[in-house]
Amino acid sequence: MANPMIGKSSSQSIRPKEPKKSKITPLATRRFVAWTVEITLFVASGLVPYALGVYVNSRSEIRRVPLNPVLVITEKAIARPLALPVSYGIRNVAWPTNILWTLALLLPIGLSAWQLYLLAQTGSTIPKRWFGVRVVNAAGTAPGLGTVLVREGLGRWTVPVSAAYLLWRYSFVFPNLALFTSLTMLMILAESKGWPIQKQRRSFHDQLAGTYTIDVTSTVTHPGEQSTTNGDEVDSSSTQQSSPSPSLRNNPNLSLFLVGLTSMIAVLSTLIGTQIYIQTQESQRRREQTNIELIKTLNPNNSVTSEDRQRAILALGSIDNKQSIKLLVDLLVKETDPKTLDTIQQALTNTGFKAIPELNRMNQFIARELGSMGKSPNWEVRQNQLILTQQVINKILAIYSGKINKIDLSDAQLGSQISRAKPLFNLVLNNIDLSGIVLKSANLNQANFQGSRFRSVGEDGRWDTYDDVIADLNNTQLKQANFSNANLSRVSMSRSDLSQANLNKANLSYTRLFAANLSSTQLVGTDLSNAILENAILTNADLSNANLTEANLYAAHLVRVSAIGTQLAYANLTKTDWQGADLSESYLDYANLSNANLSATRLTGANLRSANLESANLRNADLSRADLRGANVAGADFQGTILFVGKQNPADQFVETPDLGSQNASIKGVDFGQAKNLDPQQLAFICTQGGLHSRCP
């Protein structure tokens with residue numbers, strides 16, 4: 001027999017209880033947190049190997065190699081739209097850095113691909129799965145790869161980022177990257193909120209892809225499932241959307257009109273195209289006929305006057321035709337009459353830059369012949385012909401200043417022979433805008449570019465951005481060239497020969513001079529801040545009062561240079577050779593001089609505060625009046641180094657010496673415990689002047 005109490009209690013127990021308030025975090029919050037985690041993982045996957053690469057690259061003892069070409073291409077792709085500086089990045093890096101930075105590029109791509117695959121196949125990325133968030137299509141299933149690409153690639157990123165970029169690019173805040181980043185984040189957040197007029201807001205990317213973001217922990221049917229409960233309604237709706245327009249289906253006259261209009265347009269296009277083709281062919285025949293008549297006039301065997309020939313030459317120069325230019329260039333090296341030669345040069349100059357390729361071809365051809373023929377009877381004739389091509393090129397570049405971008409004069413012979421006492425030709429382009437000219441591997445010895453500009457702003461109208469118009473002077477012969485007061489900022493001059501050149505007061509900031517020859521070059525007052533001079537040769541160069549702040553001179557040869565009063569703060573001078581150089585009154589604070597050779601170097605009055613002199617060779621160097629406070633001298637060789645002026649009795653070791661004032665090096669607080677080859681006098685001076693050493697009392 002059933003216990004009534006039990007029955008009563010059981011009947012009460014089956015009564016539905018009032019629902020309790022859910023303690024689960026709202027879906028919108030979990031969506032945002034999941035998205036934040038996804039972005040954090042993406043950024044960390046690239047930032048961690050990049051930071052490790054930067055650290056490894058700071059180690060001077062690791063072998064350096066050129067930057068991976070894939071990274072260079074990526075750098076260009078990123079730098080141009082964001083208006084980043086041209087010298088963005090480092091071209092020569094430690095070999096592990098190449099690997100780490102390549103990982104910094106590949107890991108975010110791989111992680112993104114994996115997350116997109118999971119989202120397409122399961123509806124959740126790993127962070128979304130952690131927070132109970134899922135993306136489904138209208139049928140309530142995983143969206144698939146195509147839908148995910150539209151949702152994430154187009155809706156979530158391309159549209160908001162493009163809108164932010166356009167607003168930033170054409171606003172007064174350009175090129176402020178911080179504001180662009182802030183604007184991008186605002187656009188992404190606004191896109192995720194959906195339209196304010198919607199009753200049930202959905203993100204723009206969800207609407208675009210036809211997806212729904214649902215709460216996995218909830219039992220409530222999501223909108224996509226509700227819409228599929230009545231299959232007929234969905235099918236009819238989709239049918240109506242995909243069916244052809246009823247106006248076209250039910251109105252045959254309109255269809256016939258559209259077909260007729262299309263046919264008429266096609267016929268008219270064919271007739272117009274045919275007429276244009278006929279006229280083009282006719283114009284070409286007329287030009288050819290004119291050329292034939294002019295060529296007959298130019299024939300020296302014809303009985304024509306010199307004036308008629310000159311008129312024909314000028315007429316030939318006015319014809320926009322490659323054959324005409326080729327004919328004029330050939331005539332330039334064959335003609336002997338001085339007046340006719342002047343006319344030919346005028347005609348080619350009027351032709352402008354279109355004549356440059358043909359002139360450069362002839363210039364190089366004659367130069368090669370001169371190099372192979374030696375001192376033959378025809379040598380002087382060919383030399384004069386070479387000078388004629390040089391003169392015409394000089395005139396064209398001078399007249400069309402500011403319009404020289406991408407003019408290619410690679411391998412051109414536009415310089416004089418250094419062995420001659422008096423040059424036969426000197427390229428003179430003073431105060432000329434040569435921005436964007438390509439002079440790679442050209443011979444420009446003894447050329448004069450005083451005050452000329454090799455760089456100008458690009459389309460954005462701003463300096464120091466990636467679209468700046470910059471000349472190419474790599475591997476160029478520039479011996480004894482004059483670049484005083486010239487603007488060569490950010491120009492690439494790697495492996496160029498600038499020996500005995502004049503670069504006084506020139507702007508070479510951020511210029512790339514990797515392995516360049518600058519021996520005996522005048523660089524007085526030159527701006528070389530942030531320039532790349534790795535493995536460059538500056539033997540006997542004059543760097544007095546030059547600015548090399550933050551310049552990179554890794555393993556550069558600076559034997560016997562004069563660098564009096566030179567700014568070298570924060571410069572990378574690792575493994576540099578300064579033997580016998582004069583660095584008096586120079587500023588080397590915070591410079592990296594580790595493993596540098598400073599033997600027999602004059603450093604009187606130099607500022608070496610907080611400089612890194614680890615393992616540097618300071619044998620017989622003069623450091624009197626130098627400021628070494630805060631410097632790292634671990635492993636530095638001080639054999640014969642002068643730290644003070646005046647003699648000290650070795651027997652007075654550890655006895656306080658008289659204050660010699662400004663003649664002494666400032667070494668207070670400097671740790672000499674690991675310095676090498678300190679003699680008793682140096683040790684006594686260190687201990688009495690506030691230096692640190694284990695042997696000090």
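Predicted model: local features only at pLDDT ≥ 70, side-chain atom pairs only at ≥ 80, totals over all residues.
## Where α2 meets α4

Leu41, Phe42, Ser45, Gly46, Pro49, Tyr50, Leu52, Gly53, Val54, Val56 and Asn57 are the residues that α2 brings to its contact with α4.

Now for the geometry of the pair. Helix α2 covers residues 27-57, and its axis lies 8 Å from that of α4, at an angle of about 175°. Angles over 145 degrees count as roughly antiparallel, and α2 and α4 are therefore roughly antiparallel to each other.

## Where α4 meets α6

Helix α4 (residues 95-122) also has a contact with helix α6 (residues 145-169), where the two axes come within 8 Å and cross at roughly 125°. That angle makes α4 oblique to α6. The crossing of α4 over α6 is right-handed.

Which residues in α4 meet α6? They are Leu116, Leu119 and Ala120, and their counterparts in α6 are Leu145, Val148, Leu149, Arg151 and Glu152. By class, the contact of α4 with α6 has 6 nonpolar and 2 charged residues, and no polar ones.

## A disulfide

How many disulfides does the model hold? The count comes to 1. Cys687 and Cys696 are the partners, with an S to S distance of 1.9 Å. A disulfide is a covalent bond between the sulfur atoms of two cysteines.

If you like torsions, here is one for you: the angle about the S-S bond of Cys687 and Cys696 is -85°, and the link is left-handed. Are Cys687 and Cys696 buried or exposed? Both of these cysteines are buried.

## Leu573 in its loop

Leu573 sits in the loop that runs between β6 (469-470) and α18 (680-688). Its relative accessibility is 0%, so Leu573 counts as buried, the cut-off being under 20%.

What does Leu573 touch, leaving aside residues up to four places away in sequence? The list consists of Leu553, Leu568, Trp578, Leu588, Ala591, Asn592, Leu593, Ser594 and Ala596. As for Asn597, it is 24 residues from Leu573 along the chain, and the C-alpha atoms of the two are 9.9 Å apart.

Notes:
Residues numbered from 1 in each chain as written. Heavy atoms only, no water. Disulfide = S-S within 2.5 Å. Buried < 20%, exposed > 50% of the residue type's maximum accessible area, 1.4 Å probe, protein only. Axes fitted to C-alpha atoms, helices over the stretch in contact; angles between N-to-C directions. Helix = DSSP H or I, 4+ residues; strand = E, 2+ residues; numbered from the N terminus. Parallel < 35°, antiparallel > 145°, perpendicular 65-115°, else oblique. Left-handed = near helix turned anticlockwise from the far one by under 90°. Contact = heavy atoms within 4.5 Å. Nonpolar A, V, L, I, M, F, W, Y, C, P; charged D, E, K, R; others polar.
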